[in-house]
Amino acid sequence: MKVGIDTFGCDHGRSGIGSYLHSLAANLPQLPDVEFELFGSEIDRYTYNSVREIPFKAVAVPDSLGAERFWHFFRLNKFVSSSGYDVVLYPAIERVLPLSFKIPGVTVVNSIVSNTLREDHDWALRMQMKKGLTKAQKVIAASQFVRKDLVRNGIDPDKIEVVHNGIDHRLFFPQLQIDAETVNIKPFAIKRPYFIYGSRLAGPDKKHIELIKAFTLFKERTHLPHRLVLAGAEGPYSEAVHKAAFQSKASSDIFLTGFFPHESFPLLYAGADACIFPSVNEGVGLPILEAMATGIPVACARAGALPEMGGPAAIYFDSENIEEIAAAMEKIVTDYAQREKMITNGIEWTKRFSWNNTVSMTIDVIKRVVKNNTGK
């Protein structure tokens, strides 16, 4: 069985989708009956091969979303047929997806489809998602929350499989006590103590501004020396977030890093007093699990897939309630017993999430699609 894996739309590894594909590829096993092959732009020949070398087939398509989408609409089916694939995995349905499948397709949904279908003004994107997801042979949902959202949007529940993302326990694990006053992650030297929120400045649903207001209130109430570190790439909401940080009375203690490499997050988490994650539209919420795995408490929004992912190990708040967020921050750093309990529970909870399990379940879905298509 030959499996093609589409790398288009994965932002050259510099986004959540790219991180997903990198982790998936790194944990693909050597199987006697399965051959994997990545395909995409030449620029990504080595992007997803840093851990395990997987054959890569370059496609001559300009590095632009429009060109990649055109190719998926009109040329992909011919390409996958000539490549001899028995099935193709599509990880970036939010960016590129064919409208029909000559070769069986398995799509991976890590986001909340309703948001795109309701709010995005890109008609081509809405069309590709609706038609592509409807015609795909199987749809892998990254959480039960995502699955329910897909069903609400007319996707046949019988073809949806829930496969949670894993976390890389080789990177994210409880580290030795960090006693230094600063965490040195080139080119940054981040003064401790601090709270961490890792998320791209993508929009109001990420709730950066609400967190800045809550942190300001936390500082006014406690007068503690904590800083707020916002680690994430610039995005459409960057100007508003930078303005809120500048205008805050605690502006001198708010630090925006810009894009932060995924491999550097373990140390950033480990040096933090807590991860505060206020985003309200997360289909996966992997950062809260990664933070827990490094041995720090997590407080997050009572919204999206976060309660499903954080389970009993996190504490939850209403992201519209500034007082509630500030109270959660204060409790974590002042209630020692609660803090230790959260750390212990978090480490134990994250053991159930591994990329080996994710990959194994994904391959099982792929094999069933091929079997149903060929009868073998």
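## Surroundings of R69

In this predicted model, R69 is in contact with R95, V96, D122, A124, L125 and Q128, once its neighbours within four places in sequence are left aside. R69 belongs to helix 2, and because its relative accessibility is 9%, under the 20% limit, R69 counts as buried.

## Aromatic pairs

The structure holds 20 aromatic pairs. One of them joins F39 and W71 in a tilted arrangement, with 6.3 Å from centre to centre and 55° between the planes. This pair links distant parts of the chain, since F39 lies in strand 2 (residues 35–40) and W71 in helix 2 (residues 65–74), 32 residues apart. F39 counts as buried at 0% relative accessibility, and W71 likewise counts as buried, at 6%.

Y90 and F101 form an edge-to-face pair, with 5.6 Å between the centres and 70° between the planes. Here too the pair links distant parts of the chain: Y90 is in strand 4 (residues 87–90), whereas F101 is in the loop between strand 4 and strand 5 (105–109), eleven residues apart. Both Y90 and F101 are buried. Elsewhere, ring pairs link F172, F188, F255, F260, F265 and Y269 into a cluster.

## Nonpolar cores

In soluble globular proteins, nonpolar side chains tend to be buried together. The largest nonpolar core of this model has 95 residues, of which I196, L230, L268, I276 and M329 touch the most other members. With residues up to four places away in sequence not counted, L230 touches Y197, H208, L211, I212, V241, I254, F255, L256 and T257. A second core of 28 residues is separate, and V80, Y90, I103 and L133 are among its members. Y90, which is part of this second core, is also the partner of F101 in the edge-to-face pair, while F255, a contact of L230, belongs to the aromatic cluster.

## Helix 1 and its packing

Helix 1 (residues 16–26) is mostly covered, with nine of its eleven residues buried; these are I17, G18, S19, Y20, L21, S23, L24, A25 and A26. The buried residues of helix 1 pack against strand 1 (2–6), strand 4, strand 5 and helix 14 (355–374).

The axes of helix 1 and helix 14 come within 9 Å and cross at roughly 85°. On the side of helix 1, Y20, S23 and L24 take part in the meeting, and on the side of helix 14, W355, V359 and T362. The residues of this contact divide into four nonpolar, two polar and no charged.

## Backbone geometry

Most residues other than glycine have a negative phi, and most peptide bonds are trans. Against that background, the peptide bond from K186 to P187 is cis, with omega near 5°, and P187 is placed in the loop between strand 8 (182–185) and strand 9 (188–191). A cis peptide bond also joins R192 and P193, where omega is about 0°, and P193 sits in the loop between strand 9 and strand 10 (194–198).

Positive phi values in residues other than glycine occur at D11, where phi is near 60°, and at H12, where phi is about 55°.

How values were computed. Residues are numbered from 1 along each chain as its sequence is written. This is a predicted model: local features need pLDDT of at least 70, side-chain atom pairs count only at pLDDT 80 or more; totals for chains, interfaces and linings use all residues. Side-chain values use heavy atoms; hydrogens and water are left out. Rings of Phe, Tyr and Trp (its six-membered ring) pair if their centres lie within 6.5 Å; planes under 30 degrees apart count as stacked, over 60 as edge-to-face and the rest as tilted. Helices (H or I, at least four residues) and strands (E, at least two) are DSSP runs, numbered from the N terminus. Buried means under 20% relative accessible area, exposed over 50%, partly exposed in between (1.4 Å probe, protein chains only). A nonpolar core is a set of buried Ala, Val, Leu, Ile, Met, Phe, Trp, Tyr and Cys residues joined through side-chain atoms within 4.5 Å. Contact means heavy atoms within 4.5 Å. Axes are lines fitted to C-alpha atoms, for helices over the stretch in contact, and angles run from 0 to 180 degrees between N-to-C directions. Ala, Val, Leu, Ile, Met, Phe, Trp, Tyr, Cys and Pro count as nonpolar, Asp, Glu, Lys and Arg as charged, and the others, Gly among them, as polar.
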